[in-house]
Amino acid sequence: SVNFFANKNENERNYEQLLFPIEDADYSSEPELEYEQIQNNSGGSKNVDVQLDYLNTLTERSKLESGLKYSFKKQGNNIESFVKRDGMDDYVPQTELDNDFDLWQHIYAAYISFGYKFRKFSFQLGLRGELTDMNWTQVTTQQSSAKDPYFNLFPTAFFAYQITDSDEMQLSYTRRVTRPRHHWLNPFIDVSDSTNISFGNPDLLPEFTNSFEFNYVKTFSNHTFMTTLYYQLMQDVIQRYSWLDGDAVLSTRANMTTSHSTGLELILKNRFKYFNLTTNVNLYYYKLNGGSFDVESFDGVKLATINDRESFSWTAQITADVPLPKDFTFQANGSYRSPRATAQGKSLSDYFVNLGLKKSFLQKKLSLTLSVRDLLGSRKRRSETWDDNFYQFSESTFNGRTINLNISYSFGNMGKPSKKNASKSEMMEEDSTDIYEDF
């Protein structure tokens, strides 16, 4: 299989720097406009995946799978800045804030897995190897780096025991990787907000997660229940680190220590006469180990220290699918996430509601979808950050309430994964209309 995807985006950002008298604690007086700023942001990405898979059914009880995959990704981002200060009639270029950054990433992978089933017991063992080659160029500052390629192994193990036709136990282990994002690596110093200066860390390493899960699945005629006990060990945790430097807060990303998550996840699918309901609740304890680590700053390497951070958090999500006459489907989705600890504070709670209406044609090959995302305009990213000598509260909104109209046409038959030994994500997606995934 060969897949190619490309996108391009442009947007304009407008800033106003306002100054309040220092004695005005509640910001009630008329502020002084120090300057206005416009930033034109253009960027895009190109992705190519080439994959070859091989399947051999050795016997009625066993099978062998293997494959090769090559992935290429190029991401670019270009910012041009203009400023109009108090007393000026027009905007002038602000070249010191221009930012042109490109990232190239090549991943070469190979995998092999063996599966076997004997009566009520089955297992699957696998191993994937990945060689990652990454380099970047900061055109504005004429910096570039070709990072040394690195190789990683990712073993997987899955065991299942069918107690009865409607009861099954599963035990699994997986190792996953989270690579640094494009803007996390960009070393450009962003001083758009003179009180909050941020920059990327080109020396970031990937973050690895070792996950252990025990699942119990109970199936009724029209209902399915799954409970999961899990433990996750994360190494080289990537988080934002901030510190006070004069009158400004400096922020970047850094590889910290290790973290642990232990939790219980409950998934319930109900198929009623007139609608389907999927409910997911996740309760977990999170701990980030304290310690010392190096942070790359524009003025040298800084030795940073954090304390142990821990929290008990939970998330909940409920989705209702309502089949309607004339091949219409209505879907409502609500989600809530509680506060959770971070390296230097906590992320605060957030929630949102989505609605969608889908109309299918030509035996469901053609579909027209109208959806409303963030119906209440409530989706925000809020956080509190503190250290020995500063406290900061931050609030950012997403796109707000958006209305989307999408047309899609499906052709061919890529095949569907077997529902046998379904994972949690497959169980959540089964029978879903995927109204929101079209965008």
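The model is predicted: local features need pLDDT of at least 70, side-chain atom pairs count only at pLDDT 80 or more, and totals for chains, interfaces and linings use all residues. Residues are numbered from 1 along each chain as its sequence is written, and side-chain values use heavy atoms, with hydrogens and water left out.

**The whole chain**

- The protein chain has two helices and 28 strands; helices (H or I, at least four residues) and strands (E, at least two) are DSSP runs, numbered from the N terminus.
- Along its principal axes, the C-alpha trace spans about 80 × 50 × 40 Å.
- The chain has 439 residues, and 36% of them count as buried. Buried means under 20% relative accessible area, exposed means over 50%, and partly exposed is in between (1.4 Å probe, protein chains only).
- The accessible surface comes to about 25,900 Å², and 54% of it belongs to carbon and sulfur atoms. Such areas come from the Shrake-Rupley method with a 1.4 Å probe, and for residues only the protein chains shown count as cover.
- Among contacts with a separation of 6 or more, 62% are made by residues 24 or more positions apart. Contact means heavy atoms within 4.5 Å.

**The nonpolar cores**

- A nonpolar core is a set of buried Ala, Val, Leu, Ile, Met, Phe, Trp, Tyr and Cys residues joined through side-chain atoms within 4.5 Å.
- In soluble globular proteins, nonpolar side chains tend to be buried together.
- The largest nonpolar core holds 20 residues, and those touching the most other members are Tyr241, Met256, Leu288, Phe293, Val295 and Ile306.
- Two or more residues of this core come from each of β13 (223-235), β14 (238-245), β15 (248-255), β17 (276-288), β18 (291-297) and β19 (300-306).
- Another core lies apart from it and has eight residues, including Leu103, Trp136, Leu185 and Ile238.
- Beyond its neighbours within four places in sequence, Ile306 is in contact with residues including Tyr241, Met256, Leu288, Phe293 and Ala343.

- Lys359 sits in strand β24 (residues 350-361).
- Lys359 is buried but has no salt bridge, and the nearest side chain of opposite charge, Asp327, is 5.0 Å away. For charges, Lys and Arg count as positive and Asp and Glu as negative, while His and the chain ends are not counted.
- The side chain of Lys359 does reach the backbone oxygen of Lys326, at 2.3 Å.
- Setting aside neighbours within four places in sequence, Lys359 is in contact with Lys326, Asp327, Phe328, Leu366, Ser367 and Leu368.
- Lys326 itself is found in the loop between β20 (309-324) and β21 (328-337), and Lys326 is exposed, with a relative accessible area of 67%.

**Positive phi angles**

- Most residues other than glycine have a negative phi.
- Lys326 is not a glycine, yet has a positive phi of about 65°.
- Arg119 is not a glycine either, and has a positive phi of about 55°.
- Arg119 belongs to the loop between β5 (99-118) and β6 (121-138), and Arg119 is exposed at 70% relative accessible area.

**Salt bridges**

- A salt bridge is a side-chain nitrogen of Lys or Arg within 4 Å of a carboxyl oxygen of Asp or Glu, and by this rule the count comes to nine.
- Arg128, Glu130 and Arg179 are linked in a network of salt bridges.
- In the Glu130 and Arg128 pair, the closest N and O atoms are 2.9 Å apart. Glu130 is buried at 9% relative accessibility, whereas Arg128 is partly exposed at 28%.
- Glu130 also meets Arg179 in a salt bridge of 2.4 Å, N to O. Glu130 lies in strand β6 and Arg179 in the loop between β9 (167-178) and α1 (182-185), so the pair ties together parts that are 49 residues apart in sequence.
- Glu395 and Lys380 form a salt bridge at 3.7 Å, N to O. This pair links Glu395 in strand β27 (residues 390-397) with Lys380 in strand β26 (residues 380-387), 15 residues apart.
- Both partners are partly exposed, Glu395 at 43% relative accessibility and Lys380 at 30%.

Terms used: Polar contact = N/O pair within 3.5 Å; in protein donor to acceptor, adjacent residues only side chain to side chain.
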